[in-house]
Amino acid sequence: MAVALPYVDEHVVDIPAPREDVWAAVVGQWSTDGRDRPRLEVARILGCRPLHPSAGDLRLGSTLPGFRVSRFDAPAVLGLEGEHRFSRYALVITLESAGTGTRVAAETRAAFPGLAGRAYRALVIDSGLHVMAMRRLLGSLRRAALARAG
(Lines give C-alpha, C1' and ligand atoms only; values in the text may rest on other atoms or scores of the structure.)
Protein backbone atom coordinates (compact mmCIF):
# COMPACT_ATOMS: atom_id res chain seq x y z
CA MET A 1 0.00 0.00 0.00
CA ALA A 2 1.39 3.34 -0.97
CA VAL A 3 -0.14 5.15 2.01
CA ALA A 4 0.76 4.16 5.57
CA LEU A 5 -2.25 2.72 7.36
CA PRO A 6 -3.27 3.57 10.93
CA TYR A 7 -2.28 1.11 13.65
CA VAL A 8 -5.13 -1.09 14.92
CA ASP A 9 -3.49 -3.60 17.27
CA GLU A 10 -0.83 -6.24 17.82
CA HIS A 11 -1.17 -9.74 19.25
CA VAL A 12 1.78 -11.80 20.46
CA VAL A 13 2.26 -15.47 21.32
CA ASP A 14 5.32 -17.38 22.45
CA ILE A 15 5.58 -20.81 20.87
CA PRO A 16 8.01 -23.39 22.28
CA ALA A 17 9.19 -24.49 18.84
CA PRO A 18 12.08 -23.58 16.53
CA ARG A 19 11.55 -20.57 14.28
CA GLU A 20 11.76 -22.73 11.12
CA ASP A 21 8.85 -24.90 12.33
CA VAL A 22 6.84 -21.81 13.24
CA TRP A 23 7.60 -20.25 9.83
CA ALA A 24 6.38 -23.43 8.12
CA ALA A 25 3.17 -23.17 10.15
CA VAL A 26 2.73 -19.52 9.15
CA VAL A 27 3.22 -20.30 5.46
CA GLY A 28 0.91 -23.31 5.78
CA GLN A 29 -1.77 -21.13 7.40
CA TRP A 30 -1.84 -18.94 4.31
CA SER A 31 -1.48 -21.70 1.72
CA THR A 32 -3.68 -21.69 -1.36
CA ASP A 33 -5.17 -25.15 -1.02
CA GLY A 34 -8.81 -26.19 -0.50
CA ARG A 35 -8.99 -24.46 2.89
CA ASP A 36 -9.32 -21.19 1.00
CA ARG A 37 -12.97 -21.86 0.14
CA PRO A 38 -14.44 -20.13 3.23
CA ARG A 39 -11.98 -17.24 2.84
CA LEU A 40 -12.94 -16.93 -0.81
CA GLU A 41 -16.65 -16.72 0.04
CA VAL A 42 -16.10 -14.02 2.68
CA ALA A 43 -13.76 -12.16 0.32
CA ARG A 44 -16.38 -12.31 -2.43
CA ILE A 45 -19.11 -10.93 -0.15
CA LEU A 46 -16.88 -8.05 1.01
CA GLY A 47 -15.66 -7.26 -2.52
CA CYS A 48 -12.02 -7.93 -1.63
CA ARG A 49 -9.14 -7.10 -3.92
CA PRO A 50 -7.37 -9.33 -4.66
CA LEU A 51 -10.03 -11.99 -4.74
CA HIS A 52 -8.49 -15.15 -6.19
CA PRO A 53 -5.41 -17.04 -4.99
CA SER A 54 -2.38 -17.34 -7.21
CA ALA A 55 -0.96 -20.75 -8.01
CA GLY A 56 2.18 -22.17 -6.49
CA ASP A 57 4.11 -21.61 -3.31
CA LEU A 58 3.57 -18.55 -1.16
CA ARG A 59 6.06 -15.82 -2.13
CA LEU A 60 6.32 -12.08 -2.62
CA GLY A 61 3.46 -10.99 -4.88
CA SER A 62 1.33 -14.09 -4.29
CA THR A 63 -2.36 -13.47 -3.85
CA LEU A 64 -4.84 -15.05 -1.47
CA PRO A 65 -8.53 -14.31 -1.02
CA GLY A 66 -8.46 -10.77 0.38
CA PHE A 67 -4.66 -10.47 0.56
CA ARG A 68 -1.52 -9.87 -1.47
CA VAL A 69 1.87 -10.89 -0.09
CA SER A 70 3.68 -7.56 0.26
CA ARG A 71 6.64 -8.86 2.24
CA PHE A 72 8.18 -12.32 2.39
CA ASP A 73 11.39 -12.49 4.42
CA ALA A 74 11.70 -16.16 5.44
CA PRO A 75 11.79 -17.13 8.26
CA ALA A 76 11.13 -13.75 9.85
CA VAL A 77 8.37 -11.62 8.28
CA LEU A 78 5.20 -12.22 6.27
CA GLY A 79 3.38 -9.07 5.20
CA LEU A 80 -0.13 -9.23 3.77
CA GLU A 81 -2.27 -6.39 2.48
CA GLY A 82 -5.57 -5.94 0.77
CA GLU A 83 -8.73 -3.92 0.51
CA HIS A 84 -12.48 -4.24 0.20
CA ARG A 85 -15.41 -1.89 -0.03
CA PHE A 86 -15.16 -0.93 3.67
CA SER A 87 -11.43 -0.95 4.43
CA ARG A 88 -7.79 -0.98 3.33
CA TYR A 89 -5.71 -3.20 5.60
CA ALA A 90 -2.40 -4.87 6.30
CA LEU A 91 -1.32 -7.73 8.53
CA VAL A 92 2.36 -8.20 9.33
CA ILE A 93 3.45 -11.40 11.07
CA THR A 94 6.94 -11.34 12.55
CA LEU A 95 8.91 -14.19 14.11
CA GLU A 96 11.80 -13.76 16.53
CA SER A 97 13.79 -16.41 18.32
CA ALA A 98 13.00 -16.22 22.03
CA GLY A 99 14.96 -18.53 24.29
CA THR A 100 14.23 -22.07 23.13
CA GLY A 101 11.17 -21.00 21.17
CA THR A 102 9.75 -18.34 18.91
CA ARG A 103 7.81 -15.15 19.60
CA VAL A 104 5.16 -14.45 16.97
CA ALA A 105 3.66 -10.98 16.64
CA ALA A 106 0.73 -10.15 14.37
CA GLU A 107 0.26 -6.44 13.76
CA THR A 108 -2.87 -5.11 12.08
CA ARG A 109 -3.13 -1.75 10.37
CA ALA A 110 -6.26 -0.51 8.62
CA ALA A 111 -8.18 2.48 7.35
CA PHE A 112 -11.97 2.56 7.36
CA PRO A 113 -13.03 5.42 5.07
CA GLY A 114 -16.47 6.96 5.03
CA LEU A 115 -19.64 6.17 6.93
CA ALA A 116 -19.71 2.54 5.73
CA GLY A 117 -16.08 2.13 6.85
CA ARG A 118 -16.84 3.49 10.32
CA ALA A 119 -19.81 1.13 10.61
CA TYR A 120 -17.64 -1.80 9.52
CA ARG A 121 -14.96 -0.84 12.06
CA ALA A 122 -17.60 -0.82 14.79
CA LEU A 123 -18.86 -4.24 13.67
CA VAL A 124 -15.46 -5.93 13.35
CA ILE A 125 -12.90 -4.05 15.46
CA ASP A 126 -14.85 -2.33 18.22
CA SER A 127 -17.05 -5.40 18.84
CA GLY A 128 -14.06 -7.63 19.60
CA LEU A 129 -14.52 -9.91 16.56
CA HIS A 130 -11.08 -8.97 15.26
CA VAL A 131 -9.46 -9.88 18.60
CA MET A 132 -11.20 -13.25 18.52
CA ALA A 133 -10.04 -13.85 14.94
CA MET A 134 -6.44 -12.95 15.80
CA ARG A 135 -6.44 -15.22 18.85
CA ARG A 136 -7.80 -18.03 16.71
CA LEU A 137 -5.12 -17.40 14.06
CA LEU A 138 -2.29 -17.41 16.60
CA GLY A 139 -3.70 -20.48 18.34
CA SER A 140 -3.84 -22.30 15.03
CA LEU A 141 -0.23 -21.29 14.29
CA ARG A 142 0.84 -22.53 17.70
CA ARG A 143 -0.84 -25.92 17.25
CA ALA A 144 0.58 -26.37 13.75
CA ALA A 145 4.10 -25.36 14.81
CA LEU A 146 4.06 -27.70 17.83
CA ALA A 147 2.84 -30.56 15.63
CA ARG A 148 5.71 -29.91 13.19
CA ALA A 149 8.26 -29.68 15.98
CA GLY A 150 7.04 -33.05 17.27
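The legends below describe close-up views of a predicted model.

**View 1. Tyr 120 and its partners His 84 and Phe 86**.
Tyr 120 counts as buried because its relative accessibility is 16%, below the 20% limit for that class. The side chain of Tyr 120 makes a polar contact of 3.5 Å with the side chain of His 84. His 84 belongs to strand β4, which covers residues 77-84. With 7% relative accessibility, His 84 is also classed as buried. Leaving aside residues up to four places away in sequence, His 84 touches Leu 46, Gly 47, Cys 48, Arg 49, Tyr 89 and Tyr 120.

**View 2. The aromatic pair of Trp 23 and Phe 72**.
The model has five aromatic pairs. In the pair of Trp 23 and Phe 72, the ring centres are 5.4 Å apart and the planes meet at 65°, so the pair is edge-to-face. Trp 23 is part of helix α1 (residues 19-29) and Phe 72 of strand β3 (residues 67-73), so this pair ties together parts 49 residues apart in sequence. Trp 23 is buried, at 9% relative accessibility, whereas Phe 72 is partly exposed, at 25%.

**View 3. The aromatic pair of Phe 86 and Tyr 120**.
These two rings are stacked, with 5.4 Å from centre to centre and 10° between the planes. Phe 86 sits in the loop between β4 and β5 (87-98), and Tyr 120 in helix α3, so the pair links parts of the chain that are 34 residues apart. Phe 86 is partly exposed, with a relative accessible area of 23%.

**View 4. A cluster of three aromatic residues**.
Trp 30, Phe 67 and Tyr 89 are linked into a cluster by ring pairs. Tyr 89 is also among the residues touched by His 84.

**View 5. Ile 125 in helix α3**.
Helix α3 spans residues 114-126 and includes Ile 125. Ile 125 has 17% relative accessibility and therefore counts as buried. Beyond residues up to four places away in sequence, Ile 125 touches Val 8, Phe 112, Tyr 120 and His 130. The C-alpha atom of Ile 125 is separated by 22 Å from that of Pro 50, a residue 75 places away along the chain.

Leu 123 lies in helix α3. At 54% relative accessibility, Leu 123 counts as exposed.

Conventions:
Residues numbered from 1 in each chain as written. Predicted model: local features only at pLDDT ≥ 70, side-chain atom pairs only at ≥ 80, totals over all residues. Heavy atoms only, no water. Helix = DSSP H or I, 4+ residues; strand = E, 2+ residues; numbered from the N terminus. Buried < 20%, exposed > 50% of the residue type's maximum accessible area, 1.4 Å probe, protein only. Contact = heavy atoms within 4.5 Å. Polar contact = N/O pair within 3.5 Å; in protein donor to acceptor, adjacent residues only side chain to side chain. Phe/Tyr/Trp six-rings, centres within 6.5 Å; stacked < 30°, edge-to-face > 60°.
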